[in-house]
Amino acid sequence: MMKRLLLFLLIFSPVWTLAQTEDKAEGIKNSADYIWGQGYGSTVSEADKEALANLMSKISVQVESDFMIDEREVNTATGNDAQSTVQNVVRTYSQGTLKNTRSVIVSEAPTAAVIRYIKRTELEKVFEERKDMVEYYVMSARSAEKAGRIDAALRQFYWASCMLKSLQNPGSVKLTIDGMKVPAAMWIPEQIRNILSQIKCEVTKIEGQEVTLLFTYQGKPVTSLDFHYWDGLNYSNIFSAKDGIMQVEMRPGAPTNKFNIQYEYEFKSQMRQDPELEQVMHIFNTVNYKEATVTVNSGNKSEQKQAQATLQTAVSDMAVATHAVQVAQPKPFLKTVEQVVDAIKQKNYESVKDLFTDGGYEMFDKLVHYGNASLIGNPNLQFYQLGDRTICRSVPMKFTFKNNKRSFVEDVTFTFNKDEKIESVAFGLDKTARDDIFQRDTPWSEDVRMQLATFLENYKTAFALKRLDYIKSIFDDDAIIIVGHVTKHANKKGENQQYIDNDMVKYTRLDKTTYLKNLERSFGSNEFINIRFTDNDIKKMGKGADTFGILIHQDYYSSSYGDTGYLFLMVDMNDMDAPVIKVRTWQPNRDSKWNGNFERDDPYYGLIYGGNFD
């Protein structure tokens, strides 16, 4: 009897399932509760794509009367008018925001048919999530502004203003700022203007056609800032000031005492990480802020001297590590670094080869050839103890590249081994990240603080210098490595695994070998890679063992790509000489569905993190 039942199910179940599917599809089509679209294709994927497009078209018709579009803001150069703009804006939601749509496969390939549908009551949630994204950008911008990351503040405010235009009624959106409700459409542009108007650029030194600049915001050196300058013929590609410092070079014969600067606020290259934002940007006109273009005057000698003093203070601050043990007798190390600095000035690198270990000199050689390296300011060197090693902080340098896409400032640190030879060089953290480690009130020892800073500096430098061997050495063979971005709500799996194997994250989980192969390809295809770390949040795991969770904001730049996001590393630091990464994951944005019960100014609001870190 059982065998007959199984045979019956095997024969008739597909027919029964198909009948059920057809009934469900007809029920959706005939119900006033749903908006639906149907698509056909030779594959289910093809049919689903057409069904989604059909659904989006119907949603456009449904919500068109509720949209308030300012036609003055529409990019008519692309052929848009008010009606097509609504349709195009709705289509921007097709990149993954419509998480609450469902599909029914009516028939399989090769004559596939799919229905995509959404409850009418769910439409409001779709637009609410876009509003959440606006609020997220605003929150991030305000946080960045407080930290002096002016590039990030401008970027996030501008992106918020772009996303705001894609809401149904932008004029009705209110933000809660310091307990007060403010109209977003007026408040956000005003913040951009305020920030731009409070940036001050001063000339500190002119040598030939080289001009050293100091950038301050509200009287303090900026942590980071991107800009273009007029070199006498054209505007340059992006220059990135770090801790207030940058140096520019004018064309022969061009004036050095007066020229224009344009502050970057759009960050189009980084928009590619968010297809929805990028599409919205194409629909609406770019907003031109007159405050973004300023004229820089060299000032008189007295003004330059005062600016130089401020710059020198910024340079000195790069070297200071509070809560770290200073070396009692730094003279031999000081002499070595001074020789290295002279070699860099004269570009006679071989002359100091014997001051390095073989591995150290290989890193140094890569560093001075990482773009055209030059020194900025007069370094105020400080020497700190880490076990039997000595760490020198730091020498400010500028790096430019052949294709001149971007120029960076980095403060370079040197690590000496017990034989007083330089075994390692690295790019230092910026002031915000340094202060998070060295000035934070925690029970960590001086060694632990220096170890954390040194690890993060070596990590970011390994990408810049394309040190695949080092990256291989610091990843555990069984490390959890996740690349990708958040698209759906994450369901917790456990205290240590809430960011693994959940239905609400679109990610690629890679093994160590695959991750390294991908890195090798990236290293080979890019002239430069530069990583900037800010806004650390570091917590110790459990008690006793030195395993740390590092949640850190990362800006990633390369000659072909740029993005910004949040990096999480779980690092075993029990062996000072051999830190091991157990978990590495990355997400581009905060997602309110993750830890949304936290306050918005909490560092873990909307982010993946190790829940058992305390």
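A salt bridge is taken here as a side-chain nitrogen of Lys or Arg within 4 Å of a carboxyl oxygen of Asp or Glu. The structure is a predicted model, in which local features need pLDDT of at least 70 and side-chain atom pairs count only at pLDDT 80 or more, while totals for chains, interfaces and linings use all residues. Residues are numbered from 1 along each chain as its sequence is written, and side-chain values use heavy atoms, with hydrogens and water left out.

The pLDDT (the predictor's confidence in each residue, from 0 to 100) averages 83 over the protein chain, and 86% of the residues score at least 70. Among the elements (helices being DSSP runs of H or I with at least four residues, strands runs of E with at least two, numbered from the N terminus), the highest mean pLDDT, 97, belongs to helix α6 (residues 184-198), and the lowest, 60, to helix α1 (residues 2-30). Within residues 2-16 the pLDDT stays under 50, and the model has 2 contacts beyond four places in sequence for this stretch, a contact being heavy atoms within 4.5 Å. Residues 485-505 also have a pLDDT below 50, with 55 contacts in the model beyond near neighbours in sequence.

Turning to charged pairs, the whole structure contains 22 salt bridges. In general, side chains of opposite charge can pair when their charged atoms come close. Arg142 sits in helix α4 (residues 123-146) and Asp178 in the loop between β4 (174-177) and β5 (180-183), so the pair links distant parts of the chain, 36 residues apart. Surface accessibility is sorted by relative accessible area: buried is under 20%, exposed over 50%, and partly exposed in between (1.4 Å probe, protein chains only). Arg142 is partly exposed at 24%, whereas Asp178 is exposed at 64%.

A second pair joins Arg389 to Asp388, with the closest N and O atoms 3.9 Å apart. Arg389 is partly exposed, at 22% relative accessible area, and Asp388 is likewise partly exposed, at 46%.

Arg393 and Glu457 form another salt bridge, at 2.5 Å from N to O. Arg393 belongs to strand β16 (residues 389-400) and Glu457 to helix α13 (residues 446-464), so this pair ties together parts that are 64 residues apart in sequence. Both Arg393 and Glu457 are buried.
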